[in-house]
Amino acid sequence: MISCRDLIKIYEDEEHGIRIPALRGCDVLIDQGEIVAVIGPSGSGKTTLINILAGLIKLSSGECVVNGQELGDLNQNALNRFRLFNIGLVDQFPERTLFLDATVEENMSFSTSLVIGDSDEYMDRNYTIRKKLGIEHLTKRRVRFLSGGEMIRTAVACALAKNVPILLCDEPTGQLDSMNTEKVKALLREVARSFGTTILVVTHDQRFFDGVDKSCEIRDGRVAAMISSEEQKLLDKKSGFPLKFRAQIDTTNNIRIPDLVMQSLKVKKEIDFSLEENGKISLTNPKGLKPKKVVLEKIEVKRKILELKPLPKNYSKSKKQLIEITNLSKIYQANGAEVQALSDINLNIYKNELLFIVGPSGSGKTTLIKLLAGLESSTTGTIILDGVKFSHLTNAEKADIRQRKMGLVSQQGNLHPFLTIDDNFLLKEIFSLKKIKAKEIVGVNDEYLKKFKIEHRRNHFPLEISGGEFQRATLAIANYNSPPIVILDEPTANLDSELALQAIDEIYKTHKKTGTTVVIATHDISLIRDGFRTVELKDGQIARDGIAFTK
């Protein structure tokens, strides 16, 4: 079904004279009906592989045969036709592939009509897909008014509505809570088993590994390992010695040596192999250095249940109120029907506070964030921000306050697509009409780029980098110059577990150092540390407001 041999992709930036190898000789073999998790750190080449398989970008060299078609031989028109009839695509930024002003049902019908045409049979099938994904109640709702999690599930539904042989999903569950992640997993398994659909899922989400047929690990633009689900379970049990690893040998006899082996042998560029007559093989340091003792990192137990204790009676006594929300409601109009996204929210947020907003998909988290940032207007109620009746300002006045006082990370990303990451830092300064010195800006940029591990992409445009790198760049810019208020909507959704921990750690450190007020909306309760205030939303209302703790 999918066969890639020595697949190479090099991005070229003629203006800056830069050549960036994204894939360096990938070998991939996937059979019909398999579900494969494509894993690896941010920037390793996962999204590039998906884009090549989908015919969105052309490979630089190598072979790539998908459903009998050699993609390297096709021109752009032929690639577009190939994608239309063979590929269902779920983008990690779903608003790129959906009609925002059409309903969920209309988006699915459009996807179906592209390949199949109008048919009562497929209307029934689309209804079944919506029901199994838990979005049948959203049938008539415009996509623009969906939460991030609802939008992701709609994108999955539209991809399935095409009824094509291959489904490519780029981070489909990064913004979903566990319940809805299980719904997506169950439906994908059912589709693969019932229709023989081949499914590739690019993911950092460890919840997805259970239930796939095998995992394809990509590192540094190469396939480091292709491991079945059963083998993965055995290899993951690194609780005792000897540790066991498995690497894939590519068509040029290259393998990737595991990081722990490299660290233990203290090697970087060279390694010695020794083969004895009895077949025993040894790996040693060329300089004769003795191996370093391997110490296994303690596996951090993630928070699985959110325990909250009531706010102390004197919680606000020594705090200055920064944001006052009173009787806040938001109603969306969708095809003549009213959708209550938020209802009578009353909440005080204090200066220097780090506050989490949690809740299941569709609970109102993103809507509340948009109202706090002035990106949408409330239906009723007020928001007073630092003494100003923020909710009653014009859009231009809100934008002025947002520019001067806020750092914002939205689910959709908010970087200018035609400016480099470095240049995006300048936008706030330019719009504030400040006189700026380039050397000063670059110096400050360096600090935040390094904090969020994105300095190697500073001269790239947002559309040239991976989703995880895009997220880290957005976090760096949002925290730049320590604005009084930082508002983050699912800030770690597109990051692998290691980078997510590093990013949230930097957010905690920056908050402690600068005293910035930080509001974080997330479905991932493992990000919340004990002692921090958390507000839980359910069905558009505040269900709980307290301090997180571990029993």
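This is a predicted model: local features need pLDDT of at least 70, side-chain atom pairs count only at pLDDT 80 or more; totals for chains, interfaces and linings use all residues.
1. Basis. Local features need pLDDT of at least 70 and side-chain atom pairs count only at pLDDT 80 or more, while totals for chains, interfaces and linings use all residues. Numbering runs from 1 along each chain as its sequence is written, and side-chain values use heavy atoms, leaving out hydrogens and water.

2. Nonpolar patch. Phe-273, Leu-275, Ile-281 and Leu-283 make up a nonpolar surface patch with about 440 Å² of accessible area together (Shrake-Rupley, 1.4 Å probe, for residues only the protein chains shown counting as cover). Patch residues have over 30% relative accessible area and no salt bridge, with nonpolar side chains (Val, Leu, Ile, Met, Phe, Trp, Tyr) joined within 5 Å; a salt bridge is a side-chain nitrogen of Lys or Arg within 4 Å of a carboxyl oxygen of Asp or Glu. Strands β11 (272–275) and β12 (281–284) each give two or more residues to the patch; strands are DSSP runs of E, at least two residues, and helices runs of H or I, at least four, numbered from the N terminus.

3. Helices α4 and α6. The axes of α4 (residues 120–132) and α6 (residues 178–195) come within 9 Å and cross at roughly 140 degrees (lines fitted to C-alpha atoms over the stretch in contact, angles from 0 to 180 degrees between N-to-C directions). Arg-125, Ile-129 and Lys-132 of α4 meet Lys-183, Leu-187, Glu-190 and Phe-195 of α6, contact being heavy atoms within 4.5 Å.

4. Helix α9. Nine of the nine residues of α9 (residues 365–373) are buried, so the helix is largely enclosed by the rest of the structure (buried: under 20% relative accessible area, 1.4 Å probe, protein chains only). Lys-365 and Lys-370 are among them. Just after α9, Gly-374 has a positive phi of about 75 degrees.

Methods. Patches are made of residues with over 30% relative accessible area and no salt bridge: like charges are joined within 9 Å, nonpolar side chains (Val, Leu, Ile, Met, Phe, Trp, Tyr) within 5 Å. Buried means under 20% relative accessible area, exposed over 50%, partly exposed in between (1.4 Å probe, protein chains only).
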